[in-house]
Structure formats: structure tokens, C-alpha cells
Amino acid sequence: MVTVIPALLIATLQQPTSLTIGSATARPGQATSGFIEVPAGVDTATRIPITIVRGAQSGPTLALIAGTHGSEVAPIIALQRVRTMIDPAALRGTVLIVHVANMPSFLGRTIYYSPIDRKNLNRVYPGKPDGTVSERIAYAITNQIIERADYLVDLHAGDGNESLRPYSYWSPLGLNARADSIAREMALAFGSDHIVVDTARPRDVRASVYTQNTAQLRGKPAITTETGYLGIPAEDMVQRNVDGVFRLLRYLRMVPGDVELVRNPLFFDRTEVLRSPATGVWHAKVERGQSVQKGALVGILTDFFGATQAEIRAPFGGIVLYIVATPAMSQGEPLGMIGEPRLER
Ligand SMILES: [Zn+2]
């Protein structure tokens with residue numbers, strides 16, 4: 001028996017309707033860039049530069065978000081390269097690139113917080129349409145990017161003050177076994193061999209707080225990567241981000257090539273962000289990636305004249321995942337993060 005497929009149906013299968021996000025519209029086999037406009041509300045307007053890369057063949061949608069923190073720049077530079085390196089003709093599925101999520105922080109050169117509303121974009125998800133600018137950015141990304149994605153990577157780096165060795169966050173929530181296990185493999189595919197396991201992320205989809213967690217709570221496997229340091233696009237860190245994206249595209253079978261997972265990862269269930277007991281001048285005494293024993297001197301906090309206020313010591317033995325390497329320090333701010341490695345998970 002021969003099944004006859006009407007010509008109109010064939011045309012529909014071969015030429016699905018175009019995809020429009022913000023001012024960008026892409027048909028299959030096309031890459032297009034544009035902006036998601038975030039209108040003014042209680043404070044100023046902003047815009048989010050995006051690229052849609054639509055493969056000639058249908059497949060999953062991977063969202064790549066850079067610049068959630070505006071001074072974490074290695075991923076921003078990397079995604080500019082990724083935009084030109086992905087060939088839509090050879091791609092299966094769609095890649096949604098958010099080039100700079102947090103434009104106020106990027107152009108304002110701020111760490112952690114928006115210069116407009118003083119909020120941390122990675123603490124306000126899923127956002128609000130009538131909130132302050134960080135909340136409106138989160139709302140736009142949740143509804144226009146995350147809702148359209150099947151998989152998500154939020155690409156961070158050490159912020160402008162953070163000397164960081166590459167690692168990734170895997171956050172199994174125990175709500176969706178498929179999303180948890182695929183996210184674990186995504187972390188291994190991206191390529192960093194240091195993986196922080198964070199099981200304490202919120203489980204309320206209305207208060208998902210983090211970009212990654214917003215996707216994960218919607219059943220979409222997601223990771224947060226940390227690749228780069230100190231507000232500069234160091235070439236090796238830019239390249240690691242580019243490589244990580246293409247390793248992920250191969251893992252998701254969106255581009256051809258061998259799948260490569262990290263062979264001997266270190267998992268960190270126990271991590272601690274050390275915080276400053278006072279305001280003053282920070283003198284770091286360790287390097288990113290350094291191993292420390294319990295009680296080792298991590299740094300010294302002095303007053304503004306140089307007198308020691310506090311000696312900061314490692315609370316347990318482990319690896320310095322990042323250390324704040326610039327002197328300005330306010331009470332309660334992070335000094336660094338130490339993780340205790342474990343081989344298997
Ligand atoms: Zn960040």
C-alpha cells in the first residue's frame with residue numbers, strides 16, 4: 001500500500017512557521033539577531049540582545065544565557081563567537097542565545113547587583129511584569145526564552161572581583177528524575193571537571209529565584225557554568241566556554257560528532273561561601289584552584305590603615321573554587337568559596 005501525503009502537508013513539514021522572539025524572526029536554516037525590549041516601568045527600560053539559530057532540521061531547543069551578571073564577560077565574548085560558528089544548515093533544532101541578559105549591569109560595570117534597582121538578577125526569577133528592571137528582565141527571559149527551551153545553560157564566570165577556577169553547578173531537585181539525570185550529564189558534557197552539587201535550590205515554581213532553577217522546575221534539564229574570572233575575557237576562558245557549548249551541542253545530538261563526557265569529575269556536595277565579618281580592606285592569601293587544609297589562612301581583613309581586623313581560615317579542607325582578589329570589602333560580602341571534593345556520585 002502506498003500512502004499518499006498531500007503536497008500541502010509536505011510543504012508544512014518542510015517549512016514550519018517562522019519563529020519570532022522580540023525583533024528577531026528566523027525560519028528553519030536561518031540565524032537572526034535582534035532585541036527583546038523590556039519597557040520602562042517603575043524604573044528605566046532596557047533591552048536584551050538575542051540570536052535565534054534555527055537548524056535546517058527539527059530538533060530540541062537549547063537556550064544559552066550569558067551576562068546574567070554583567071561583569072562576567074568570558075561567556076559574553078564566547079557566545080559572540082558561537083553565533084558565527086554554528087552553521088544553521090548543519091544544525092538539528094534551535095539554539096537561543098541571550099548575549100547579555102543584564103544590560104544595566106554590563107554597561108554599568110557592576111558586580112552582583114544592577115546599578116538601577118540594586119537587585120541580583122539571579123535571585124529574582126521568575127520575575128514580575130510590573131517589578132523593577134531586574135524583575136522585568138527575569139520575566140522576559142522566563143517567558144520568551146526559558147518557556148521555549150528544552151535545555152538551558154546559564155553561563156557565568158567569576159565576577160569582576162572573583163578569581164575563579166572553572167566549575168559547574170548541578171542542582172538535582174528530586175522532583176523530576178529525567179531532568180536531574182540529564183542535567184548531570186550536561187555538566188559532564190560541558191567539560192568542567194569540578195561540579196558543585198546544590199540540592200538546596202527552591203522547589204516552588206513561583207519563586208524559582210535562579211535562572212537555572214526556573215528551567216529545572218519546568219522539567220527542562222539545566223546547569224549553571226562558571227568559566228572565567230575577574231571581569232576579563234581571558235582567551236583560554238573564552239575558548240573553554242566555546243568548547244563547552246559545542247560539546248553540549250554534540251551531547252544533545254544537535255550537531256554531528258563524538259559525545260565526550262568528563263572522565264574523572266570531582267563532585268562537591270559540601271561547599272561554603274566565606275563572608276566578611278567586617279568592612280575594610282581584603283588581602284587574599286590563596287589562589288583560585290588551590291588546595292587548602294582545614295585552618296589554612298585564606299586571607300586577612302584589615303582596617304583602612306592596615307591593622308588586622310580578622311584572619312580568615314578554611315573551615316574545612318578542600319579546593320578554593322573562587323577567591324575575591326580585589327581589596328574593597330563590605331561586611332557580609334563573599335570572600336571566597338571552598339569546596340570539599342568527592343570522587344563518585
Ligand atoms: Zn554570576
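# A friendly tour of a zinc-holding model

Both W170 and F267 are buried. These two residues also form an aromatic pair, with an edge-to-face arrangement, 6.5 Å from centre to centre and 65° between the planes. W170 belongs to strand β9 (residues 167-170) and F267 to strand β12 (residues 266-275), so their pairing ties together parts that lie 97 residues apart in sequence. Keep in mind that this is a predicted model.

**The zinc site**

- Which protein atoms are the donors of the zinc ion? They are ND1 of H69, two OE entries from E72, and ND1 of H156, at 2.1 to 2.3 Å from the ion.
- Along the sequence, the donor residues follow the spacing H-x2-E-x83-H.
- The angles among the four donor atoms run from 58 to 145°, and the site is irregular.
- Are H69 and E72 buried or exposed? H69 has 9% relative accessibility, so it counts as buried. E72 is buried too, because its relative accessibility is 4%.

**The nonpolar cores**

- In soluble globular proteins, nonpolar side chains tend to be buried together.
- Here, the largest nonpolar core has 45 residues, and L64, V95 and L249 have the most contacts inside it.
- Several elements each supply at least two residues of this core: the strands β5 (57-66), β6 (92-98), β7 (151-156) and β10 (194-197), along with the helices α2 (74-85), α5 (177-190) and α7 (235-251).
- Which element gives the largest share of this core? That is α7, with eight residues.
- Leaving aside residues up to four places away in sequence, L64 touches L79, V95, L96, I97, V98, V153, L155 and V245.
- There is also a second, separate core of 28 residues, and L19, I50, A101 and L152 are among them.

**Rings and charges**

- A pair of aromatic rings is described by the distance of the centres and the angle of the planes.
- How many aromatic pairs does the structure hold? There are three, and the pair of W170 and F267 from the opening is one of them.
- Another is formed by Y167 and Y169: the ring centres are 5.3 Å apart and the planes meet at 70°, so this pair is edge-to-face.
- Y167 counts as buried because its relative accessibility is 1%, and Y169, at 13%, counts as buried as well.
- Elsewhere, the charged end of R47 sits over the ring of F35, 3.7 Å from the ring centre.

- Most residues other than glycine have a negative phi, and most peptide bonds are trans.
- The peptide bond from Y125 to P126 is cis, with omega near 5°. You can find P126 in the loop between α3 (103-108) and α4 (133-144).
- Y112 is found in the loop between α3 and α4. Its phi is positive, near 60°, in a residue other than glycine. With 12% relative accessibility, Y112 counts as buried.
- L230 is not a glycine, yet it has a positive phi of about 55°. Its place is in the loop between β11 (222-226) and α7. At 27% relative accessibility, L230 counts as partly exposed.

Notes:
Residues are numbered from 1 along each chain as its sequence is written. This is a predicted model: local features need pLDDT of at least 70, side-chain atom pairs count only at pLDDT 80 or more; totals for chains, interfaces and linings use all residues. Side-chain values use heavy atoms; hydrogens and water are left out. Donors are N, O and S atoms within 2.8 Å of the metal (3.2 Å for Na, K and Ca); water is not among the atoms, so sites may look incomplete. Four donors count as tetrahedral if all angles lie between 85 and 135 degrees; four count as square planar and six as octahedral if opposite donors are over 155 degrees apart and all others between 65 and 115; anything else is irregular. Buried means under 20% relative accessible area, exposed over 50%, partly exposed in between (1.4 Å probe, protein chains only). A nonpolar core is a set of buried Ala, Val, Leu, Ile, Met, Phe, Trp, Tyr and Cys residues joined through side-chain atoms within 4.5 Å. Helices (H or I, at least four residues) and strands (E, at least two) are DSSP runs, numbered from the N terminus. Contact means heavy atoms within 4.5 Å. Rings of Phe, Tyr and Trp (its six-membered ring) pair if their centres lie within 6.5 Å; planes under 30 degrees apart count as stacked, over 60 as edge-to-face and the rest as tilted. A charge sits over a ring if NZ of Lys or CZ of Arg is within 6 Å of the ring centre and within 35 degrees of the ring normal.
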